[in-house]
Structures are given as C-alpha cells and as structure tokens.
Amino acid sequence: PRYGYEFISWSNEQTDSLITIVVTKKDVYSALFKPRLFDVTLNANNDEMGIVDGGDIYYYLDTVEICATPNDGYKFLRWSDDITDSLRTIVVKGDIELTAMFAKEDAKIYTVSLTVNDENMGTVSGASNYTDGDIAIISATANPGYRFTNWSDGDTASTREIVVTCDTTLMANFKA
C-alpha cells in the first residue's frame with residue numbers, strides 16, 4: 001500500500017498481501033485498501049490556563065478542526081508548531097501532537113526574530129512570539145554545499161535553547 005493506507009484483502013478474500021495464483025482461466029483480482037488511522041494528540045501547556053478540543057483518532061487525509069480556548073484571566077498565544085490561530089483546520093497525514101501555549105492575560109510577550117546571512121545557504125526555525133521566561137528552541141540548517149558557522153551573538157551551536165526575556169533578533173551565519 002501507499003503511505004497512509006493499509007491492505008485489507010484481495011477480491012477473492014485472501015488476506016495475505018502476497019499470493020500465488022495458478023492461471024487456468026481469465027480472472028480479475030483486485031486489491032482492497034483502506035485509509036490508516038492516526039492519532040491527533042492535543043495538549044495545553046498548563047491545564048489551568050485553557051483547554052483544547054479536537055484530539056482523537058482519525059483516518060488518513062481526514063480534515064479536522066482543532067481549537068484552543070483560554071480560561072478567564074489567560075490568553076492563547078500559539079500552537080507548538082507556531083501557528084497563532086486558536087481555531088484551525090488540519091489535514092491528517094500522520095500522527096501529530098500539538099500543544100496549545102497559553103499565558104496570563106497580562107503576561108509580557110516578546111518576539112524572537114531569526115534571519116540568515118544568505119537565504120541560499122540555509123534556513124532557520126524557532127522564530128515566534130514567546131511569553132516572558134519561555135524557552136525558545138532555535139535551529140539553523142545549512143543547505144547542501146554550505147555549513148553553519150555561528151549565530152550573530154557568537155554562539156556556535158546550530159540548535160540551541162534561549163530563555164526569552166526581551167525582543168531578540170539573531171542572524172544565522174553560513175559559509176561555503
């Protein structure tokens with residue numbers, strides 16, 4: 001079967017995916033497949049701050065609406081994949097786990113901005129809005145033929161954690 005599907009049986013009801021047949025007359029065999037089931041797991045970074053809805057087991061390519069709702073005194077910031085829409089639709093293509101990030105209504109929010117010295121040399125991830133004190137995981141990935149050298153603050157770890165206490169802008173430097 002192709003990704004996302006599983007073999008059920010042949011049209012002659014044999015359930016082994018590999019069968020041997022003796023051809024004695026003209027006959028047609030059809031393979032029967034069905035979509036696989038995948039888990040959509042939803043969490044809240046703190047259950048006291050808000051709730052999530054829409055997590056369950058779904059078939060491959062199902063369209064699912066998920067929602068994060070903050071409790072009184074709290075606000076929704078983003079999902080763990082950096083999507084900032086609290087209500088969104090996803091297409092199930094495999095097991096997925098997402099965490100809704102909530103914060104106190106009056107919490108300070110800071111922006112982590114990431115750039116690269118040359119877009120042809122590599123990419124960065126981890127740029128988003130974070131609550132004061134959050135840990136942001138940032139990463140720089142070099143394209144083929146290039147290598148990561150350092151961040152603009154001198155750190156040489158391509159993937160690292162930073163504690164967010166203010167708006168932060170970092171550039172990933174790559175070279176051939």
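**Notebook: strands, rings and backbone**

I started with strand 4 and strand 6 (residues 63-70), which pair in the antiparallel sense over four bridges. Two strands count as paired here if DSSP finds at least two bridges between them. Strands themselves are DSSP runs of E with at least two residues, and helices are runs of H or I with at least four, numbered from the N terminus. I noted that this is a predicted model, in which local features need pLDDT of at least 70 and side-chain atom pairs count only at pLDDT 80 or more, while totals for chains, interfaces and linings use all residues. Residues are numbered from 1 along each chain as its sequence is written, and side-chain values use heavy atoms, with hydrogens and water left out.

Put together, three strands make an open antiparallel sheet in the order 4-6-8. Strand 4 (50-53) and strand 8 (87-91) are at the edges with a single partner strand each, so one side of each has no neighbour in the sheet.

I then checked the two faces of strand 8. R88 and I90 make up its covered face, and L87, T89 and V91 the uncovered one.

**Entry: the whole chain**

I counted zero helices and 16 strands in the protein chain. Its radius of gyration is 24 Å, well over the 16 Å that the globule rule gives for 176 residues, so the chain is more spread out than a compact globule. That radius is taken over C-alpha atoms, and the rule is 2.2 Å times the number of residues to the power 0.38. The C-alpha trace spans about 75 × 50 × 20 Å along its principal axes.

Of the 176 residues, 31% are buried. Buried means under 20% relative accessible area, exposed means over 50%, and partly exposed lies in between (1.4 Å probe, protein chains only). Among contacts (heavy atoms within 4.5 Å) with a separation of 6 or more, 52% join residues 24 or more positions apart.

**Entry: aromatic rings**

I found ten aromatic pairs in the structure. Rings of Phe, Tyr and Trp (its six-membered ring) pair if their centres lie within 6.5 Å; planes under 30 degrees apart are stacked, over 60 edge-to-face, and the rest tilted. One of the pairs is F148 with F174, edge-to-face at 5.8 Å centre to centre and 70 degrees between the planes. F148 lies in strand 14 (residues 147-151) and F174 in strand 16 (residues 168-175), so the pair ties together parts 26 residues apart in sequence. F148 is buried at 14% relative accessible area, and F174 is buried at 3%. I also noted one aromatic cluster formed by Y3, Y5, F38 and Y60.

**Entry: positive phi**

Most residues other than glycine have a negative phi. I listed two non-glycine residues with a positive value. E13 has a phi of about 75 degrees and sits in the loop between strand 1 (5-10) and strand 2 (31-35). E13 is exposed, at 68% relative accessibility. L61 has a phi of about 70 degrees, and its place is in the loop between strand 5 (56-59) and strand 6. L61 is partly exposed, at 41%.
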